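Work through the exercises below with the sequence and the model at hand, and try each task before you read its solution.

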Amino acid sequence: MNVDVIYKCIAYAALYKAYGETTDCIKADDVTVTVVCWARPRKLFWYFSEHKIRFSKRHPGIYHVERDLLFPVQIVVARELDKREHVWLRALSKEMERDDFERLSEAAAKLKETANGEFIDSVLQVSIRANEKKLKEDKDMCCEALRELFEPELKESWKKGQRQSVRAMVNTMTKKGYHSDEIIDIIMQSFQLDRNEAMKYFIS
């Protein structure tokens, strides 16, 4: 995290404001830039201090930049957030733990059928993609409630990873001179595929 990341985010926010359907239909006063990171960005805070850019800690893990930077800017340090009070903000990090997913699933279940349903799906998508590797390694981490809420996206994520692994194995074994029948048999055993599925991977 450095100062240029902040300015890039401000630039994206400016484009979002500028591309409204009509002139000034998105008010500048309605735009806030929020940058989420896991650990405290010490170099960025040092830069702020060196350049006399004031910032303050409004809540645990939430820092507001005092200087006018076109839009209000806040920096969220996910590690410092209260786990229960800021479930949704912590979900935007790539360092989610099992208890974080449990709290997220509980909060999502309560709000899923409300007007915020679309917002919930967006946050869950970001969280699952950010923590995709952990979820693949420890499927128990993704508790049952979250699976039910977001089962299609989870399945697609894991299938995508599987497809990439199979293709890599097929390419490697082909280069080493293995016969196609041998490759199909091996990927069937390795990835628990039936013959038709294995042949599709091999052909693709």
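**Exercise 1.** State what the accessible surface of the protein comes to, and what share belongs to carbon and sulfur atoms.

*Solution.* The accessible surface, computed by the Shrake-Rupley method with a 1.4 Å probe, comes to about 13400 Å², and 49% of this belongs to carbon and sulfur atoms. The model is a predicted one, in which local features need pLDDT of at least 70 and side-chain atom pairs count only at pLDDT 80 or more, while totals for chains, interfaces and linings use all residues. Residues are numbered from 1 along each chain as its sequence is written, and side-chain values use heavy atoms, with hydrogens and water left out.

**Exercise 2.** Decide which residues of helix H2 are buried and which are exposed, and find what the buried ones pack against.

*Solution.* Begin with the terms: helices (H or I, at least four residues) and strands (E, at least two) are DSSP runs, numbered from the N terminus. A residue is buried under 20% relative accessible area, exposed over 50%, and partly exposed in between, with a 1.4 Å probe and protein chains only.

Next, look at H2, which spans residues 42-50 and in which Leu 44, Phe 45 and Phe 48 are buried. Seen down the axis of H2, the buried residues fall within an arc of 95° (taken from the directions from the helix axis to the C-beta atoms), so they line one face of the helix. Arg 42, Lys 43 and Trp 46, on the other side of H2, are exposed.

Finally, the buried residues of H2 pack against H1 and the strands S2 (55-59), S3 (62-69) and S4 (71-77), where a contact means heavy atoms within 4.5 Å.

**Exercise 3.** Find which residues the salt bridges that share partners join into one network.

*Solution.* A salt bridge is a side-chain nitrogen of Lys or Arg within 4 Å of a carboxyl oxygen of Asp or Glu, and by this rule the count comes to 8.

Take Asp 99 and Lys 83, whose side chains meet in a salt bridge at 3.3 Å, N to O. Asp 99 lies in helix H4 (residues 98-111) and Lys 83 in the loop between S4 and helix H3 (87-90), so the pair ties together parts that are 16 residues apart in sequence.

Then take Arg 90 and Asp 100, which meet at 3.2 Å, N to O. This pair links Arg 90 in helix H3 with Asp 100 in helix H4, 10 residues apart. Arg 90 is buried, at 5% relative accessible area, and Asp 100 is buried, at 4%.

Salt bridges that share partners join Lys 83, Arg 90, Asp 99, Asp 100 and Arg 103 into one network.
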